[in-house]
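Look at it first, and then follow the questions below.

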Amino acid sequence: MRDELGVLYEDADFATLFPPLGRPALPPWRLALITIFQFLEGLPDRQAADAVRARLDWKYALGLELTDSGFDFSVLTEFRSRLIEGNQEHLLLDKMLSQFKARDLLKLRGKQRTDSTHVIGAVRRLWRLDLIVETLRAALNQIAHLDSEWLQPRLTAEWVKRYARRVEMERLPTSEQARERYAVEVGQDGFDLLEMLDQDGTEGLRCLEAVGVLRLVWEQQFAVDADSKAVRWKAK
């Protein structure tokens, strides 16, 4: 891509997207390309940040030195928020399409997506999936540290398989339907854990910070049907 297209974006294209305060700014055009890369490969923010640090093809396409140490994954979330809040998300696709048109890479009367919000929305869902898995994993780890005897008989083989390692060490499901099913499974696991804690967990376990975060995140991310008790991952 870099050899064929050269520079897709310039800093001037995203002048309004540099953060006004805080740490030194990373070039928005580079963060924009990373957002597209992670959409194409289906990577949540942590895995995308790891790819920037470790993969030669990404470093080359992004114009980075081999010794570049990358950045914290939270930078990507903050960048997308500035992109959407500033109504600048169209810049990504408009600039890219104009480059493709100049190189005759678009077919006459061909169908092309014109909403870069689709890309950003898909990446945001990957971030949400990363969030719910890591929230539940953190709660399980804190419970295990405080009272492993309480947790051990309640652990299932599926829980061990799903939450033994950080989510960025695993490849998340690639299709939208598979991600939806995976999110619902994680949601049900979280509700099951909270129910067990409420029924026979000690006061110390119920008051753990990670358990409190779990309750809050599950309230934000999931809904339960009043009749069927089926868990649903909220669209927003």
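Q: What makes the pair Glu134 and Arg166 a salt bridge?
A: The closest N and O atoms of Glu134 and Arg166 are 3.5 Å apart, and because a salt bridge is a side-chain nitrogen of Lys or Arg within 4 Å of a carboxyl oxygen of Asp or Glu, the pair counts as one. The model is predicted, with local features needing pLDDT of at least 70 and side-chain atom pairs pLDDT 80 or more, while totals for chains, interfaces and linings use all residues. Residues are numbered from 1 along each chain as its sequence is written, and side-chain values use heavy atoms, leaving out hydrogens and water.

Q: Which parts of the chain does the pair of Glu134 and Arg166 link?
A: Glu134 is in helix 7 and Arg166 is in the loop between helix 8 (157–163) and helix 9, 32 residues apart.

Q: Why is Glu134 called buried?
A: Glu134 has 10% relative accessibility, and buried means under 20% relative accessible area, exposed over 50% and partly exposed in between (1.4 Å probe, protein chains only), so Glu134 counts as buried.

Q: Why does Arg166 count as partly exposed?
A: Arg166 stands at 29% relative accessibility, so Arg166 counts as partly exposed.

Q: How do you know that Arg215 and Asp198 meet in a salt bridge?
A: Their side chains come to 2.7 Å, N to O, and this makes the salt bridge. Arg215 lies in helix 11 (residues 209–221) and Asp198 in helix 9, so the pair ties together parts that are 17 residues apart in sequence.

Key:
Helices (H or I, at least four residues) and strands (E, at least two) are DSSP runs, numbered from the N terminus.
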